[in-house]
Amino acid sequence: MQFRKSILEWLIIGGGIHGTYLSHALLKKRITTRPSLAIIDPNDELMGQWKRVTANVGMSHLRSPSVHHIDVEPFSLKHFAECQNCKQSFFIPPNERPSLDLFNEHSAHIVRRIGLHDIHVKSKAINIALEKDFVEVETEKEILKTQNLILALGQSEKRAWPTWAKNAKSENGNICHVLEDSYCYEKIPDSGEIVVVGGGMSAVQTALSLIRPSRKVTLLSPHSLRQNNYDADPGWMGPKYLSKFRRISSYRTRREMITKARNNGSITYELKQEVNRRVNEKTLKVLVNESLKCNVLMPDLMLLNLDNGDQIGSNYIVLATGYNQELPGGKLVQSLISKYDLACAECGFPITDSHLKWHDKVYVSGALAELEVGPVSRNIIGARMAADKIIRSQKVQKIPHLIN
Ligand SMILES: Cc1cc2nc3c(=O)[nH]c(=O)nc-3n(C[C@H](O)[C@H](O)[C@H](O)COP(=O)(O)OP(=O)(O)OC[C@H]3O[C@@H](n4cnc5c(N)ncnc54)[C@H](O)[C@@H]3O)c2cc1C
């Protein structure tokens, strides 16, 4: 195990959208410098996880508007599109939502421009020790020391597998989860019955992307398809709802508000239109029901027993059932909580101060920060909101007389 001699000023665990944006914002706002900053992430490139899952589901456009991206300047993506001679069709309504290709090209451009590749430590953090004057983070290769740590771990290790699906998988059924690294649409047979399970954006996009003349694709959704253009009401991005949210001292009530505010399992207008078109032309079937059990007759022949007593056959099942709603970070975060008695709400998520400080030297972002940031914390805008808070805490520390 190697030890780095110098102590970093900032270390971010997780190089997804959140970790990448946070590192950029810390540099841009001159909170730190490149030699004093590092991002730990096991992927070959920053935002690798984002690129994989969005490609897996066959996403064409983001759900979020053009001002949500990983540059600090809000209109950067629009300006980038102009430079690239992109046509207006690279943005779709409402709110000029960018195409995934454009968003990814812009992100790669920012990562290159800021030189974030150079501070990417390609490894996984496996242990965190909070010492008196620094934090020690053990990765699979080395031990890094830092004055400040940000946990930006996403939810990537927590895909939701219904029990019937786990059982079918253990009996060698051809079943996979679209958000898993191992998912590969090329493994899916070109013909036969493909069942996609789920009722949200990922499920609908996956089902649409799998349509081929020789395949019969069925979307098995637990509810009728609900239309909503947003993951949560845009009022959650500003004071309209957040001022009240932050005045609530009960974290149980905050959790209830978050759950209620998220438009989970809803899809955008244009996807709904596309589903209707595909259903009308009979290239897609939508069944509103739930599977209770799956009999694996052969790996590529399964019978799903539905809640209403019906049975449907499938040669390949793709789960698009999202992530488990449990605390992200697995053992890494659990052991941090138990070793240092860090404050958590009843739901298990961190209780932080208003600057997302969970401990003297530890900050959180993304799902881990949602009891403070609110229902959009996991989204791209959540990364921008988290960075504002963390950076404000640094300015307050440096200029204490500005605190009112
Ligand atoms: C298909 C899909 C489409 C989405 N579309 C939108 C959209 O249009 N607009 C929007 O605002 N939001 C969208 N979201 C929601 C959200 O913006 C994304 O999930 C985003 O990727 C979250 O960023 P993140 O950095 O928190 O997590 P991730 O992108 O998952 O990144 C977390 C990173 O942390 C790493 N990590 C975890 N544990 C460790 C460890 N111990 N050591 C080192 N590294 C670790 C992981 O490997 C991963 O690379 C979408 C989500 C999905 C799944």
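This is a predicted model: local features need pLDDT of at least 70, side-chain atom pairs count only at pLDDT 80 or more; totals for chains, interfaces and linings use all residues.
1. Which residues does phenylalanine 134 touch, not counting residues up to four places away in sequence? Phenylalanine 134 touches Ile7, Lys145, Thr146 and Gln147, where two residues are in contact if their C-beta atoms, placed from the backbone, lie within 7 Å. Phenylalanine 134 is found in the loop between β6 (125-130) and β7 (135-139). Helices (H or I, at least four residues) and strands (E, at least two) are DSSP runs, numbered from the N terminus. With 18 other C-beta atoms within 10 Å, phenylalanine 134 is partly exposed. A residue is buried if 20 or more other C-beta atoms lie within 10 Å of its own, exposed if 12 or fewer, and partly exposed in between, with C-beta atoms placed from the backbone. A separation of 21 Å lies between the C-alpha atoms of phenylalanine 134 and leucine 368, which are 234 residues apart along the chain.

2. Residues are numbered from 1 along each chain as its sequence is written.

3. The chain is divided into domain 1 (2-157 + 325-402) and domain 2 (163-228 + 263-319), with bounds that come from an automatic or database domain assignment. The centres of the two domains, taken over C-alpha atoms, are separated by 32 Å. Where the domains meet, eight residues of domain 1 are in contact with twelve residues of domain 2. On the side of domain 1 that touches domain 2, the largest share, four residues, comes from α2. By class, this side of domain 1 has four nonpolar, two polar and two charged residues. Here Ala, Val, Leu, Ile, Met, Phe, Trp, Tyr, Cys and Pro count as nonpolar, Asp, Glu, Lys and Arg as charged, and the others, Gly among them, as polar.

4. The largest nonpolar core has 92 residues, of which Leu22 and Val196 touch the most other members. A nonpolar core is a set of buried Ala, Val, Leu, Ile, Met, Phe, Trp, Tyr and Cys residues joined through C-beta atoms within 7 Å. Helix α12 (residues 380-398) gives the largest share of this core, seven residues. Both domain 1 and domain 2 give residues to the core, so it lies between them. Not counting residues up to four places away in sequence, valine 196 touches Ala203, Thr206, Ala207, Leu210, Val217, Leu219, Leu220, Val318 and Ala320. There is also a second, separate core of six residues, including Leu77, Phe80, Ala81 and Leu102.

5. The ligand is surrounded by 35 residues, the closest being Gly14, Gly16, Leu62, Gly154 and Asn379; a residue is near a molecule if its C-beta atom, placed from the backbone, lies within 6 Å of it. At least two residues of this shell come from each of α1 (17-28), α2 (48-57) and α12. With six residues, α2 gives the most to the shell. The shell divides into 15 nonpolar, 16 polar and four charged residues.

6. Helix α1 has twelve residues and reaches 16 Å from its first C-alpha to its last, close to the 16 Å expected at 1.5 Å a residue. The expected span of a helix is 1.5 Å times one less than its number of residues. Eleven of the twelve residues of α1 are buried, so this helix is largely enclosed by the rest of the structure. Among the buried residues of α1 are Ile17, Tyr21 and Leu22.

7. Two residues other than glycine have a positive phi and may be checked in turn. Arginine 30 has a phi near 55 degrees and lies in the loop between α1 and β2 (37-40). Arginine 30 is exposed, with 9 other C-beta atoms within 10 Å. Lysine 282 has a phi near 65 degrees and is placed in the loop between α9 (269-280) and β14 (284-288). Lysine 282 counts as exposed, with 8 C-beta neighbours inside 10 Å.

8. Two further details remain. Proline 93 and proline 94 are joined by a cis peptide bond, with omega about -5 degrees, and proline 94 lies in the loop between β3 (91-92) and β4 (97-98). Lysine 169, found in helix α5 (residues 163-170), counts as partly exposed with 18 C-beta neighbours inside 10 Å. The C-alpha atoms of lysine 169 and valine 296 are separated by 8.8 Å, although these residues are 127 residues apart along the chain.
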